[in-house]
Amino acid sequence: MDFIKSHKLISGLAAILIIFIVGGIILISIVTRINGSKYGDRLKGIENVKIDSSTQSQIESELGNFDKVEKAEYILHGRLINIILHVDKDLKLSKAKEYGKKALEFFKEDELKYYDVQILVVCGEENKTYPAIGYKHKTSKKLYWTNKSTK
């Protein structure tokens, strides 16, 4: 303590230097973490449950051929599969929900246990029924839909 009291200037500069070094280390660790994968380690094991491109194209072509479906899109974001059905305004919501169930049939059981699936039903024309969204969490067995009437 006598050394610190007799060398106040050097002790103060040493303390400031230590604070800058610790702050720099913390800043560097934050920056390198940010520049890593945007999903962190949440995609661990995805290489074991990859959905092949033939399944993707089959989903788009077969769902796109359903009655009153203009186009179907498949989009994968991390562990979330979005299937977008562009439908005619005359398609009843109950029928769209059936199409959503059929969309799940394209996936293997292990894929459904790994990925969340979201069915987005949209219509190019304005109406009260659409958009509608069906969502299946990887731990659930069925799709849950937004609260819309089944006209």
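Lys95 and Glu98 join their side chains in a salt bridge, 3.5 Å from N to O (side-chain nitrogen of Lys or Arg within 4 Å of a carboxyl oxygen of Asp or Glu). The model is predicted: local features need pLDDT of at least 70, side-chain atom pairs count only at pLDDT 80 or more, and totals for chains, interfaces and linings use all residues. Residues are numbered from 1 along each chain as its sequence is written, and side-chain values use heavy atoms, with hydrogens and water left out.

**Salt bridges**
- The count comes to three salt bridges.
- Lys95 and Glu98 both sit in helix H4, three residues apart, about one turn (helices are DSSP runs, H or I, of at least four residues; strands, E, of at least two; both are numbered from the N terminus).
- Lys95 is partly exposed at 33% relative accessible area (buried is under 20%, exposed over 50%, partly exposed in between; 1.4 Å probe, protein chains only).
- Glu98 is also partly exposed, at 39%.
- Lys113 and Glu109 pair at 3.2 Å, N to O.
- Both Lys113 and Glu109 are exposed.
- Glu125 bridges to Lys89, with the closest N and O atoms 3.5 Å apart.
- Glu125 lies in the loop between strands E3 and E4 and Lys89 in the loop between strand E2 and helix H4, so the pair ties together parts 36 residues apart in sequence.

- Glu111 lies in helix H5 (residues 109–114).
- Glu111 is buried yet has no salt bridge; Lys108, the nearest side chain of opposite charge, is 4.3 Å away (Lys and Arg count as positive, Asp and Glu as negative; His and chain ends are not counted).
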